[in-house]
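Hi there,

Here is the structure I promised to pass on to you. Have it open while you read, and my notes on what turned up in it follow below.

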Amino acid sequence: MGASLPAAGGKRRVKTTWLRGIPTLLRPCSTAALQAPTRPRGLTLLLQPPRHHGGGGRVVNVAQAWPLLPCTRVPSCRPGWQSRLVPLPTQGTGQPRAMGSGPTALGALLLLLSQDSWVLSHPQCLDYKPPFQPPQPLAFCPEYSAFGCCDGQRDAQLGARFQVLGTFLDPAGLRSCGGFLRALLCQECSPYAAHLYDAEDMSSPVRVLPGLCPEYCTAFWLRCRSALSLLTEDPASLELEGDRDRFCGSLELGDATYCYPAVLGSAELSHGLGRLREGTQGCLQLCLQEVANGLRNPVAMVHAGDGSHRFFLAEQLGFVWVFLANGSRAARPFLDLRSAVLTSPWAGDERGFLGMAFHPRFHATRTFYVYYSIRARTQERIRISEFRVSAHDPNVADPLSERILLEVTEPASNHNGGQLLFGADGLLYIFTGDGGRAGDPFGAFGNAQNKSSLLGKVLRLDVEPGAAGTPYRIPPDNPFVGEPQARPEVYAYGVRNMWRCSVDRGDPASGAGRGRIFCGDVGQNKYEEVDLILPGGNYGWRAKEGFACYDQTLCANASLDDVLPIFAYSHQLGRSVTGGYVYRGCHSPNLRGLYIFGDFMSGRLMSLQEEAGAGHWHYKEVCMGVGQTCAFPGLLNHHVPHIISFAEDEAGELYFLSTATPSAAVPAGIVYRIVDPSRRASPGQCGFSPVPVPLTGKLVHFRPTQHFITPATPSPPPAATTPPLGTGLGTTGTAGSPMAPATHLPDPSRPRTGPEPPDPSWPSTMVPSALPSPGTSPASAVTLPAPQDPGVLQGLTMPSLHPTTLNWYQQLLERLESNTSPWGSPYHPPSTQLSPRTLLSPATPQPNTSPWGSPSHPPAPSCPPELCSLLAPPSPTPAHGAAPPPPQHPAVPTTLQSPSSPQPFSPEAGPRPRTGTRRQLGAPRQLHPGAVRLVNRGAARGRGRLEILVGGQWGTVCDDLFDRRAAAVVCRQLGYGRAVRVARRAEFGQGAAQPIMLDDVQCQGSERSLLECQTAPLGQHNCAHSEDVGVVCGHSKRAGLERGSRGGGRHSL
């Protein structure tokens, strides 16, 4: 993070490059006094002004100001400033390097002016979304053909602009400046474009030009400074051409790693670029998007396959709701079976409305099928029925059309099954539980092994009525048709309580995997398992649980011939599996082919990746992205704990349904969409046009309630050790062994709930095949292109230091990584599941508090006595003195951030945090509904395409009826004195990637936001993006080009 600091004594400011990796200690300068007789070796003092101060800070050698005195007696210190004790770099010998007063010494310091600026970097485009791989190689910016932020259309637009710029240059000027101009234009295509253009935060103005490194900016000024006026419309830019300091003060980016062209040569930034990011324990870091909330135990979400892209969401108590493709919900329920459904408000009641499925030819039959619990006199039963959609309203079912297909008596109130699905063969599959209680105690060998019982089975039916008046037909190829004592409906048996199954729609290109049925089968005392359903398969229960024997007598029966799970895990990781889906969607290419599932009790998300051609499945836990990995608009890095079900929409995108309170009476359920923050599909590749559906009645617009949270990052636990198993069960993890231990325990940084008592006599994970090799990933990494030579520079050599050579550095890091600090405890919102760490004195040995049986950290290295006294924990703060939680705005996706904690660079965690003093990135920002911004890549600030924030999403506004009074509302919101003009017909470009939010806007001019004006209903319009309106704002007196600073302030270029 580049910055200019005045040297001690008020000397001329010198340029320094600030690296990252070592934290600093901050205390008020007015009272800074370390009680130590001698100064600690290798430390220096940084004096920091208040945040409103325009300067950067002053570095004072400890030799000049030790011991620390009140501010008035410290050289260069001023009242109100703060001081930091920072370590000096070493020369590789562990000895601190002597500090001088020139740029070399200052450039070697590893400083941070604000802990708020510690953020974990992530690739991001100017549309605030992840980068992508263009479908075709780029012609103008070919260095970003493998991975970046431009598709062919945008690449062609940049090339056309370059051609226009070239017409203003003579041949000599084109030879001298052409490389610079092309390089600057192409940085919009960089995977780190958002960092180069200061566009990480939507509430900040975007630079017109990318931020440059100092050496590159100097070369640009020496050879092509007159070309600056070609790149910006602001005439004040001409004033900068004669002053190199002002010129580069506006163009330089205050970060030595992210400025151009250093960003291209950074090994840290290119590590794993475009690949699924993995945590320190190998978990896959993903993000979430909230799509529905306020639900009472949402048990199922399905689509009709009719092209409408609606989804139908069922609650346990008997409601089914319709959600439209735009996210809004019909106010009237699609189906209300509360009067028939048997359930209760008890937490954990397994009865209720449990499943539904639409006929594969729903567009013709208009039928769907439901699975729910009923009471019939003194008996409890499960019922499978057919319903029809109303002939008058496609968003409402006909409650009088019920046709009962099947009823099965349940001997107990649990293990009710609940899954319905249509296979690729067009037949209905029904998954029943074993009847309840513990251990399937019914009969000599239980219901599940008894083929004359419909309990504990996978049933397969043809839903067409039979010739003899039966409600369904038996498919002739069912495996037990004609077998004496066997029910012909049985397709597979030996099932305990399969909860959530899915049909693999297959690879979109090859069709591989199409029609496979995956199920999660809930275990008894030790194991949960995932199965692939085969015709006639015996899945072992109650003889086996997972790969292990449950009933020793039945397990020893040579005729068992059971089908082994593809994966099983112990109750150390979870106690109730929730089956998921194989991802076959479009938006997250890295996830394709990945089977994602979860656990209801522990709240874990997990994944299985099939080894091509081998039939082996490799396990990786799914964790929420750490740091700023999920810091994209509308994305989350946490979820409520109880994962009830998974879902797939009509386009193949993956969701899961979860609740904070597992009760059918509590509206605590939320639906999340799973998103990969590392790579997205190319723009336009995943678009679809929903088939219009007539709407009657009111709509309830979606309002998100969850917020992105930046938690303090705990250190990962060490890998678990697995005790050896008993005789007869393999433990080596080799191919073909019946059992293999986990290579690691899942990353604890992801939220989880409920106790997980360890069972030391069993392994934590079982798979019937080889485990994955470390570092495998569904996608290959992308390498950033080498810096392009514009005819001036061959590249930049960035200084590097190794802070771990300081023996006491780890203790500093431990203090700043912990959830508490000597200067206050950050507030963590209650929805974040954080594991607090005990803050210990450096002299105190750290106890073994890890649930995995080994310390969470290695012993802290020794530190100088002076530093140890500085690290001593403060007196405890009374609970009532804690800072109150910030106000909540349920309808606004607010970013809640606690003071972030620095951490050493780890390739698994992605690039190091970006640093810089341009903006307080850690400060909480709240954008309320109706917030506006002007988007434009090619002009000065105060003008651009108008976009408005509604429901947590940015969208455009049509120019129909939009006039100067509406523009005045916008300009006043943005802090301008007047509206200059309205730009119509997409003058500032089309916002094709955004939805159209407002149309027919008519304002009086005094409103506080456009949402107070008269408009068409939100989201409804009769215009296209070719009519996106723009606004030009101004002041009564024209402001000149604002001068930027190296690393501070907002940039005007």
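Asp 561 sits in the loop between α10 (552-555) and β27 (567-570). Keep in mind that this is a predicted model. Asp 561 has a positive phi of about 45° although it is not a glycine. Its relative accessible area is 66%, so Asp 561 is exposed. His 309 also has a positive phi, about 55°, and is not a glycine either. You will find His 309 in the loop between β9 (298-302) and β10 (311-315). Is His 309 buried or exposed? With a relative accessible area of 18%, His 309 is buried, because the cut-off for buried is under 20%.

Why point these out? Most residues other than glycine have a negative phi, and most peptide bonds are trans. One runs from Tyr 260 to Pro 261, with omega near 5°, and Pro 261 belongs to the loop between α7 (244-251) and α8 (267-270). Another joins Trp 541 and Arg 542, where omega is about 10°. Arg 542 is in the loop between β24 (527-532) and β25 (544-545).

Next, a pair of helices. The axes of α3 (residues 171-186) and α5 (residues 214-224) come within 10 Å and cross at roughly 135°, so the two helices are oblique to each other. The crossing is left-handed. On the α3 side, the residues in contact are Ser 176, Cys 177, Phe 180, Ala 183 and Leu 184, and they meet Tyr 216, Ala 219, Phe 220, Arg 223 and Cys 224 in α5. Sorted by class, this contact has 8 nonpolar, 1 polar and 1 charged residues.

Now for the interior. In soluble globular proteins, nonpolar side chains tend to be buried together. Here the largest nonpolar core has 67 residues, and Phe 334, Leu 335, Phe 353, Met 356 and Phe 368 touch the most other members. Strand β15 (residues 367-376) gives the largest share of this core, 6 residues. A second, separate core has 54 residues, including Phe 147, Phe 162, Phe 180 and Leu 185.

Last, have a look at Ser 607 in strand β30 (residues 605-610). Ser 607 has 1% relative accessibility and therefore counts as buried. Leaving aside neighbours within four places in sequence, its contacts include Leu 284, Tyr 595, His 618 and Lys 620. Ser 607 and Tyr 581 are 26 residues apart in sequence, and their C-alpha atoms are 9.6 Å apart in space.

Happy exploring!

Technical notes
Residues are numbered from 1 along each chain as its sequence is written. This is a predicted model: local features need pLDDT of at least 70, side-chain atom pairs count only at pLDDT 80 or more; totals for chains, interfaces and linings use all residues. Side-chain values use heavy atoms; hydrogens and water are left out. Axes are lines fitted to C-alpha atoms, for helices over the stretch in contact, and angles run from 0 to 180 degrees between N-to-C directions. Helices (H or I, at least four residues) and strands (E, at least two) are DSSP runs, numbered from the N terminus. Angles under 35 degrees count as roughly parallel, over 145 as roughly antiparallel, 65 to 115 as roughly perpendicular and the rest as oblique. A crossing is left-handed if the near helix is turned anticlockwise from the far one by less than a right angle, and right-handed if clockwise. Contact means heavy atoms within 4.5 Å. Ala, Val, Leu, Ile, Met, Phe, Trp, Tyr, Cys and Pro count as nonpolar, Asp, Glu, Lys and Arg as charged, and the others, Gly among them, as polar. A nonpolar core is a set of buried Ala, Val, Leu, Ile, Met, Phe, Trp, Tyr and Cys residues joined through side-chain atoms within 4.5 Å. Buried means under 20% relative accessible area, exposed over 50%, partly exposed in between (1.4 Å probe, protein chains only).
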